[in-house]
Amino acid sequence: MNNTADDVALALSLADEAESMTMPRFTAADLYGKARLEDTPLIDAYRDVDVALRRRLAIKRPQDAIFDETLSVPKLFAGRLWVIEPLDGRKNFIRGVPAWATLIALMVDGVPTVGVVSAPALHRRWWAAAGQGAYATRWTEPARRLSVSAIDELGAASLSFSSLSGWGVLGLRERFIVLTDDVWWARGYGDFCSYCLVAEGVADIALAAQTSVRQLAAVDILVREAGGTFTDLGGFPGPHGKTVAATNGPLHNAVLGRFHGTAAVRQTM
């Protein structure tokens, strides 16, 4: 039987392997300035990482399943399930913005128990394991344990988000904009960055619409192990919703209250 320490070590080694493939492509001269994913080597890099990590897991954890959202059958989350996002922040990647990452998570019966976020172009890495806390490193500095902030008023809170387009699709744009006006500070750091900043206590709220398990599994446990709360806008815990609200905890109910009763939130329940 595998223990948590072994699973964390494996996830970190998978992140190392992904880095060895993504960084050479990120610095390639033929990558920058492209507008469409199909115009770039990104798809090859994305697939190469996905294939390599799946192959490694098949060898190291043959008894475990690997999440595949392309299957037409209902998604099952029973038992041990690895979730891989080869490149979160793909549009940043193709335009030369260093804010992109490989996300690796292990879920047990639908609950993330190990998560790694590796952002090699930023020289940053975050990871967490159930009951063991959340940690981060920068360059070669020693790992430091993370803790969310203690801010308890929206007027003093910093909010990070990905984009406005998803909120418009869900019919929540106006409510979202009002919330950004009411907090102390709102910035669109986006993607994995938002959740990592909450875990570090730098931001207090991270919100996103139209998300997926691949993008959320690793950061779910990161936020929770740092002391925060991670749910959809309907208040259901975990990375399975179409929306996500990650906060330091004291602010969570106030944030959810801003979207309570909307049709989009009811549809996620």
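Begin with the largest pocket: its lining has nine nonpolar, ten polar and four charged residues (Ala, Val, Leu, Ile, Met, Phe, Trp, Tyr, Cys and Pro count as nonpolar, Asp, Glu, Lys and Arg as charged, the others, Gly among them, as polar). This is a predicted model, where local features need pLDDT of at least 70, side-chain atom pairs count only at pLDDT 80 or more, and totals for chains, interfaces and linings use all residues. Residues are numbered from 1 along each chain as its sequence is written, and side-chain values use heavy atoms, leaving out hydrogens and water.

Select Ser162, Ser163, Asp191, Gln210 and Gln215 next: of the 23 lining residues, these lie nearest the centre of the largest pocket. A pocket here is an open set of 1 Å grid points, over the protein atoms alone, where a 1.4 Å probe fits, with protein on both sides within 12 Å along at least five of seven lines; lining residues have an atom within 4 Å of a point. The volume of the largest pocket is about 590 Å³, taken as the space filled by probe spheres set on the points, which are joined across faces, edges and corners.

Now colour domain 1 (4-145) and domain 2 (154-258): each gives at least three residues to this lining, with bounds from an automatic or database domain assignment.

Then move to the second largest pocket, with about 150 Å³ of space. Select Glu19, Ser118, Pro120, His123, Arg124, Arg125, Thr137 and Trp139 to show its lining, which divides into two nonpolar, three polar and three charged residues.
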